[in-house]
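Me: Could you take a close look at the aromatic rings in this predicted model and walk me through how they pair up? I would enjoy a connected account.

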Amino acid sequence: MRELLHSAASRAARYLEDINDRRVRPSAESIRALNNFVEPFPDGPTDPDEVLAILDDFGSPATVAMAGPRFFGFVIGGALPAALAANYLASAWDQNAGLFAATPIGAVLEEVSLAWLTQVLALPAGTGAAFVTGGTMANFTALAAARHSVLKNVGWDADRDGLFGAPPVQVVVGGEVHPSLKKSLGMLGLGRERVTTVPVDEQGRMIADQLPPLNGQAIVCMQAGNVNTGAFDPAREIIARAHAAGAWVHVDGAFGLWAAATRSCAHLAEGLADADSWATDAHKWLNVPYDSGIAFVRDPEILRAAMSISAAYLTAGSHREPMHYTPELSRRARGVEIWAALKSLGRTGLAEMIERDCRCARRFADGLAAAGFEILNDVVLNQVLVSFGTADTTTRVIEAIQAEGTAWCGPTYWQGRTAMRISVCSWRTTEADVDRSINAILRVTGRVD
Ligand SMILES: *Cc1c(COP(=O)(O)O)cnc(C)c1O
């Protein structure tokens with residue numbers, strides 16, 4: 001075992017040592033070489049050393065360098081050294097994180113991380129949480145608690161009796177709601193399209209004045225950090241109106257919630273702590289390895305009511321039992337990497353990482369604007385939208401930058417316009433990476449026009 005694990009660690013180290021200088025998008029040749037994996041199921045065993053060698057020889061070159069400093073697609077973080085190393089060790093532990101008796105360490109690290117997270121994200125002390133796979137499942141889990149609560153308000157137990165014949169639930173979203181939140185609504189039986197959509201402004205923020213009349217059976221889904229612009233819905237106005245009517249307020253803060261951990265961006269998150277539930281990702285801005293997200297619910301008993309499992313054979317003690325808060329029963333111990341990331345950064349390190357990414361986004365916007373390109377959003381956080389002219393030109397620039405390999409940015413569509421989206425979300429990205437990427441964009445735009 002020892003040699004095999006050392007070999008895995010040294011291959012991983014070599015991969016990461018090269019990541020600064022390799023192409024971000026893999027070459028066509030390395031993608032073609034993936035054919036080496038396409039074979040009939042082998043009759044007999046293969047030596048683990050050889051399994052690892054195949055994976056590294058043909059797999060590593062066909063990765064996209066998301067772990068590197070110049071991947072700016074979607075909203076994708078890297079993996080902090082401590083979080084990655086903790087992930088190795090936790091994989092060796094192979095803990096089933098469902099309950100304390102099965103993994104004291106897994107359960108305790110969730111509890112410690114939860115207390116730290118509520119502090120850094122400025123959420124109410126005592127907030128409950130579920131450690132899940134990502135933002136989609138965090139939205140799903142928190143909205144399951146919301147569904148439970150608003151129907152409980154009118155005497156209906158949705159978790160026991162289902163939704164057939166239940167009093168109607170009014171779900172309110174903004175016009176720029178993330179598609180994964182709608183998917184969560186579908187999975188919850190609330191309907192992807194059975195929503196009231198509130199108009200948004202030019203940054204994608206809900207216009208609070210246009211909220212519909214609400215009542216105690218309403219769930220208002222706000223957004224902290226629009227995936228295109230980084231903009232935040234106006235928390236104070238929306239939450240005040242919703243709570244005056246007895247409605248539940250959920251915040252999709254997949255990456256934006258982390259603004260609360262900084263000094264310079266905390267104003268964006270003002271008022272969010274008054275909501276009833278929040279969803280965020282750890283694999284985005286906390287920079288832990290995939291996959292990792294967190295659902296927070298102000299009243300842990302409501303989350304528990306929606307998620308607890310009654311299994312006589314799983315006798316629980318006096319500890320917080322993770323399985324009572326998550327959709328899953330068996331799952332990996334995600335609290336380990338979250339703890340390691342938070343422990344290694346501390347409050348100042350976390351703030352510095354997030355603020356540096358925001359500065360880098362600003363630098364992108366300034367550099368590209370100075371070169372004559374149009375920035376389509378107010379760059380308030382880490383997201384930048386750039387137009388290079390017509391939709392066709394912008395699309396060609398995006399393809400050209402990906403093909404050139406210095407950096408990776410993807411396309412998006414923003415309020416009728418095709419744009420290149422730049423998301424700075426990695427602990428590795430520096431000002432020098434931004435300059436190098438801007439230079440690459442200037443080179444390729446010289447070519448395509
Ligand atoms: C990324 C994102 C999600 C979905 O998160 P996953 O981790 O990809 O499931 C939801 N909402 C917003 C605003 C996001 O940026």
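Reply: Happy to. Searching the whole structure turns up 4 aromatic pairs. Let us start with Phe 72 and Phe 364: their ring centres are 5.0 Å apart and their planes meet at 80 degrees, over the 60 that edge-to-face needs, so this pair is edge-to-face. The pair ties together distant parts of the chain, since the two residues are 292 residues apart. Phe 72 sits in the loop between α3 (48-59) and α4 (81-93), while Phe 364 belongs to helix α11 (residues 335-370). Both partners fall under the 20% cut-off for burial: Phe 72 is buried because its relative accessible area is 1%, and Phe 364 is buried because its own value is 0%.

There is also a cluster to look at, in which ring pairs link Phe 71, Phe 74 and Trp 408.

A ring can have a charged neighbour as well. Arg 320 lies over the face of Tyr 325, and the distance to the ring centre is 4.9 Å.

Strand β4 (residues 218-223) gives the most to its lining, with 3 residues. Among the lining residues are Cys 221, Met 222 and Gln 223, along with Asp 233 and Asp 252. By class, this lining has 4 nonpolar, 4 polar and 3 charged residues.

Conventions: Residues numbered from 1 in each chain as written. Predicted model: local features only at pLDDT ≥ 70, side-chain atom pairs only at ≥ 80, totals over all residues. Heavy atoms only, no water. 1 Å grid on protein atoms, 1.4 Å probe; cavity = no way out; pocket = protein on both sides within 12 Å on 5 of 7 lines; lining within 4 Å. Helix = DSSP H or I, 4+ residues; strand = E, 2+ residues; numbered from the N terminus. Nonpolar A, V, L, I, M, F, W, Y, C, P; charged D, E, K, R; others polar. Phe/Tyr/Trp six-rings, centres within 6.5 Å; stacked < 30°, edge-to-face > 60°. Buried < 20%, exposed > 50% of the residue type's maximum accessible area, 1.4 Å probe, protein only. Lys NZ or Arg CZ within 6 Å of the ring centre and 35° of its normal.
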